[in-house]
Amino acid sequence: MRQVTSIEAYESIKPHIPTISERIVDYIAEWGPDICDEIEHQLSLSHQTCSACIRGLVKQGILEDSGLKSVTRS
């Protein structure tokens, strides 16, 4: 079995990034600020995908870090 590299993993998700980002922005627009763990759960996203998209959206100025902290599902 061949190990998938991080570059291959990125290339496999790359076409979906705009869609995932749009889903996250739409979720926040509808439900308001929330913690990453809850957004992951509600949108059925992995932590790695959701967290990276949210961070990218913050860096682009599309989202603002609310500073919300809470207990996660784990």
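User: In which helix is the place of glutamate 40?

Analyst: In this predicted model, glutamate 40 has its place in helix H3, which covers residues 36-43.

User: How should I read its accessibility, and is glutamate 40 buried or exposed?

Analyst: The general idea is to compare the relative accessible area with a cut-off, and a residue counts as buried when that value is under 20%. Glutamate 40 has a relative accessibility of 6%, so this residue counts as buried.

User: Which residues does glutamate 40 touch, once those up to four places away in sequence are not counted?

Analyst: With those close places in sequence set aside, glutamate 40 touches Leu45, Ser46, His47, Cys50 and Arg73.

User: Which residues make the contact between H3 and H4?

Analyst: From H3 the contact takes Cys36, Ile39 and Glu40, while H4 contributes His47, Cys50, Ser51 and Ile54. Sorted by class, the residues in this contact of H3 with H4 are four nonpolar, two polar and one charged.

User: What is the arrangement of H2 relative to H3?

Analyst: Helix H2 spans residues 17-31, and its axis comes within 11 Å of the axis of H3, with a crossing angle of roughly 110°. That angle is why H2 is described as roughly perpendicular to H3. On the H2 side the contact is made by Arg23, Ile24, Tyr27 and Ile28, and on the H3 side by Glu38, Ile39, Gln42 and Leu43. By class, the contact of H2 with H3 divides into five nonpolar, one polar and two charged residues.

User: Where is the place of cysteine 53, and how far apart in space are cysteine 53 and isoleucine 24?

Analyst: Cysteine 53 lies in helix H4, residues 47-59, and is buried, with a relative accessible area of 10%. Cysteine 53 and isoleucine 24 are separated by 29 residues in sequence, but from C-alpha to C-alpha they are 8.1 Å apart in space. When neighbours within four places in sequence are left aside, cysteine 53 is in contact with Ile20, Ser21 and Ile24.

Technical notes
Residues numbered from 1 in each chain as written. Predicted model: local features only at pLDDT ≥ 70, side-chain atom pairs only at ≥ 80, totals over all residues. Heavy atoms only, no water. Helix = DSSP H or I, 4+ residues; strand = E, 2+ residues; numbered from the N terminus. Buried < 20%, exposed > 50% of the residue type's maximum accessible area, 1.4 Å probe, protein only. Contact = heavy atoms within 4.5 Å. Nonpolar A, V, L, I, M, F, W, Y, C, P; charged D, E, K, R; others polar. Axes fitted to C-alpha atoms, helices over the stretch in contact; angles between N-to-C directions. Parallel < 35°, antiparallel > 145°, perpendicular 65-115°, else oblique.
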